[in-house]
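This briefing is for a reader who is new to the structure shown below. Please look over the sequence and the model before reading on.

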Amino acid sequence: MKKTKLIKDFNERELIDLCESFDFPKFHGSQIYKWLFQKKCNTINEMTNIPQKLKEKLSTNYKINCLKIFKQNKSKIDNTTKFLLETHDKKYIEAVSMIDNNRHTVCISSQIGCNVDCDFCATGKMGITRNLSSGEITEQLLIVNKHINRKITNVVFMGMGEPFLNYKQVINAAKLFNNRSGINLSSQRITISTVGIIPKIKQYSEEGHKYKLAISLNSNHQSQRVQIMPISKIHTINDLIKSVWYYHKKSKRLATFEYVLMENVNDSSSDAERLINLIGDLPCKINLIPYNEIDGPFKRPSDERIKRFVKAIKNTNFIVTVRWSKGTDINSGCGQLAILES
Ligand code: SAH
Ligand code: SF4
């Protein structure tokens with residue numbers, strides 16, 4: 001029989017049920033969970049406290065690893081490494097490790113490609129092949145953990161794909177990252193970035209998740225957002241702002257608006273003013289991302305224009321940060337992830 005089921009797709013509860021279904025005591029489920037996500041083992045054989053017969057059952061029916069490193073590129077300008085990973089069905093995704101002072105942030109993919117089709121994004125040009133399972137999402141982190149000798153401090157769902165169009169698997173993976181008896185990353189160190197799928201923002205708010213939420217706003221008015229992000233026809237900018245209000249009221253947390261700065265598109269002083277008016281009194285953070293150029297009409301603004309924009313926003317009450325992307329020489333900055341060569 002071909003083993004296609006991935007054991008890392010199971011959470012602790014499901015592993016317990018699995019052990020019971022094989023007529024083994026429940027506690028082995030928790031032990032297997034720890035082997036997979038805390039001790040980060042590579043083979044079922046390594047699970048020394050698991051009975052041999054149970055290991056055989058697991059080995060016959062399940063795979064433990066699903067991703068292979070196809071290529072690894074290290075940046076020459078900063079401490080960034082991009083991993084090109086091959087899935088079991090010979091598709092490719094990317095995960096990026098970025099080390100900056102005490103932080104080691106891993107940017108992971110949630111889908112193979114993306115079909116949201118934002119005009120300025122390289123991933124958007126690929127279209128979508130399929131969703132990733134929670135095991136495939138989690139394994140990206142485990143691979144980085146194994147190959148980069150620095151403790152992972154943060155994880156961001158900002159690689160390929162739209163996390164809220166693969167909601168269930170993304171939330172399952174976030175729970176795995178957060179679980180104390182597993183990877184044990186604080187929920188405040190896990191960020192999910194969405195283009196703004198409104199029903200999912202509502203669901204996320206109602207379910208009370210504590211992971212940080214980032215929203216890719218990128219524009220300050222509806223007609224322009226429709227042009228550069230066609231999904232705004234369905235999820236309009238006003239409804240998006242309302243849904244973030246809803247999130248704030250339910251969670252009492254601050255969402256972050258991501259705003260990619262593109263020259264002569266959305267980077268003028270009046271754009272800054274319109275952005276401030278659009279957000280109004282909504283308590284939030286703003287993260288400005290200078291555009292990373294790919295083939296296409298969009299350009300990164302000059303440093304002078306970027307600084308002017310930052311200053312205009314800083315004069316208000318908003319908490320503003322600028323994200324200088326990492327590893328742009330190896331195309332691993334925001335929106336540069338695309339497997340065009342394969
Ligand atoms: N699909 C999700 C997460 C992946 S994109 C989303 O859109 O939020 C992660 C971030 O990169 C988003 O904020 C997106 O607007 C930004 N981005 C896309 N292309 C970019 C580019 N070429 N330069 C800079 N940022 C980009
Ligand atoms: Fe997809 Fe996000 Fe890129 Fe838009 S910006 S195409 S949602 S990955």
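The model is predicted. Its largest pocket holds about 910 Å³ of space, and the largest cavity holds about 490 Å³. The count of aromatic pairs comes to 10.

**Largest pocket**

- About 910 Å³ of space lies in this pocket, and 33 residues line the pocket.
- The lining residues closest to the pocket centre are R103, V156, M158, N287 and R323.
- Seven strands are named as supplying at least two lining residues each: β5 (92-100), β6 (103-107), β9 (154-157), β11 (212-216), β12 (255-261), β13 (284-290) and β14 (319-322).
- Strand β14 gives the largest share of the pocket lining, with four residues.
- By class, the pocket lining has 14 nonpolar, 11 polar and eight charged residues.

**Largest cavity**

- The model has one cavity of 30 Å³ or more.
- About 490 Å³ of space lies in the largest cavity, and its lining is made up of 29 residues.
- Nearest the cavity centre are F120, C121, M158, S216 and G335.
- The cavity lining divides into 16 nonpolar, 10 polar and three charged residues.
- M158 is listed among the residues closest to the pocket centre and also among those nearest the cavity centre.

**Aromatic pairs**

- There are 10 aromatic pairs in the model.
- One of them joins F157 and F177, a tilted pair with 6.0 Å between the ring centres and 40° between the planes.
- F157 belongs to strand β9 and F177 to helix α5 (residues 167-178), so this pair ties together parts that lie 20 residues apart in sequence.
- F157 is buried, because its relative accessible area of 2% is under the 20% limit.
- F177 is also buried, with a relative accessibility of 0%.
- F164 and Y204 form another tilted pair, 5.6 Å centre to centre and with 45° between the planes.
- F164 sits in the loop between β9 and α5, while Y204 is in helix α6 (residues 198-207), so the pair ties together parts that are 40 residues apart in sequence.
- Both F164 and Y204 are buried.
- F164 and Y204 belong to a cluster linked by ring pairs, together with Y167 and Y247.

**Charges over rings**

- The charged end of K39 sits over the ring of W35, at 4.0 Å from the ring centre.
- K200 has its charged end over the ring of Y167, at 5.1 Å from the ring centre.
- Y167 is also a member of the ring cluster with F164, Y204 and Y247.

**Two buried loop residues**

- T87 lies in the loop between β4 (80-86) and β5.
- T87 is buried, as its relative accessible area is 2%.
- Leaving aside residues up to four places away in sequence, T87 touches C66, L67, I112, R130, L132 and E136.
- G161 is in the loop between β9 and α5, the loop that holds F164.
- G161 counts as buried because its relative accessible area is 16%, and the limit is under 20%.
- Leaving aside residues up to four places away in sequence, G161 touches S110, Q111, G113, C114 and T123.
- The C-alpha atoms of G161 and T123 are 7.3 Å apart, although the two residues are 38 apart in sequence.

Methods:
Residues numbered from 1 in each chain as written. Chains lettered and ligands numbered in written order. Predicted model: local features only at pLDDT ≥ 70, side-chain atom pairs only at ≥ 80, totals over all residues. Heavy atoms only, no water. 1 Å grid on protein atoms, 1.4 Å probe; cavity = no way out; pocket = protein on both sides within 12 Å on 5 of 7 lines; lining within 4 Å. Points joined across faces, edges and corners; volume = space filled by probe spheres on them. Nonpolar A, V, L, I, M, F, W, Y, C, P; charged D, E, K, R; others polar. Phe/Tyr/Trp six-rings, centres within 6.5 Å; stacked < 30°, edge-to-face > 60°. Buried < 20%, exposed > 50% of the residue type's maximum accessible area, 1.4 Å probe, protein only. Lys NZ or Arg CZ within 6 Å of the ring centre and 35° of its normal. Contact = heavy atoms within 4.5 Å.
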